[in-house]
Each structure stands twice: as C-alpha cells, then as structure tokens.
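I opened a notebook page for a structure I had not looked at before.

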Amino acid sequence: MIGAYAAVGFASSTGSKAIWSTNPVTIKFSGSAGIGSSGSVGELVKCAPKVNNVAFHASVSNPTKISLTVSPGGEATCGPSPDAVTVTATCLVAAPNCKGTYTGTVTIFQGYSTIPPSLAVAIVVT
C-alpha cells in the first residue's frame, strides 16, 4: 500500500510540467447581481513534454458561496503549442453573501497523476 502511494507521488513529481501564461491570476468582478454574477480570465497553458488526455479540475476555498470552472474541461493533447482555457468564477448566493475574497486552483490531471504546477486563482467579489 505504501509503495502505491510512493509511486503516485513519484509519478506526479516527474514527467511533464505545465506552463501557464500567467500564474497566479486574479478574477475580479461585481457580485451586485447576486446569484449568477461572474467573472472570467483567459489563460494559455502548454505542457512539456507533451501529454495526452488531460483534464482540468478547479477547486475553490468556499464552494457553498462561489464556483470555479474551467472551459474546456480537458484536452486530447497538451503540448508545446499554447492552448486557451477560460477560468470562470460564479456567485452561488445572494449579493451581500457573495462579496469577499476567495482562493482557487486549477489542476491538470492525466489519469490519477497531476501535472504541476497548478494555476493559483485569486477571486475578488466586490
């Protein structure tokens, strides 16, 4: 069992690396419309060396108040040519409750392994 965890840890610390055009990024938007208010940031990502069948996974510090999504949700190939992704933060609660500062991350997965580094996202809702 320990060997399996060590193998996964080793697999995620070697191999391909993600190269983000900007890291960290900030998404700032007005939450005055409440539920559904959102803001986005465009980002370019590439991987070296090239990897196939990757998925983007977004997480946020307070998922009951705000969601973080990535479009597209994955790629058939992540390689030396930059690919555009859009990271969007959306309010899930009424305006007064959505305002604040949150943190998020976008992680690239290939199977069960991660491709570091993750994209750090600062979310500021005014």
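My entries on the chain and its strands follow.

Entry, ground rules. I am working from a predicted model, where local features need pLDDT of at least 70 and side-chain atom pairs count only at pLDDT 80 or more, while totals for chains, interfaces and linings use all residues. I number residues from 1 along each chain as its sequence is written, and side-chain values use heavy atoms, with hydrogens and water left out.

Entry, whole chain. I looked up the elements and found two helices and nine strands; these are DSSP runs numbered from the N terminus, with helices being H or I of at least four residues and strands E of at least two. Along the sequence I read α-β-β-β-β-β-β-β-α-β-β. The chain has 126 residues, and 36% of them count as buried (under 20% relative accessible area, 1.4 Å probe, protein chains only).

Entry, open sheet. I found four strands in an open sheet, ordered β1-β3-β7-β5 with antiparallel pairing; two strands pair if DSSP finds at least two bridges between them. At the edges I noted β1 (17-20) and β5 (66-71), each pairing on one side only. I then looked at β5 and β7 (residues 83-91), which pair over six bridges. In β7, T88 is the bridge partner of T69.

Entry, strand β4. I looked up β4 (residues 51-60) and found an antiparallel pairing with β6 (residues 74-78) over four bridges. There, A55 has G74 as its bridge partner. I also found β4 paired in the antiparallel sense with β8 (residues 100-110), over six bridges. For V60, the bridge partner in β8 is G104.

Methods. Buried means under 20% relative accessible area, exposed over 50%, partly exposed in between (1.4 Å probe, protein chains only).
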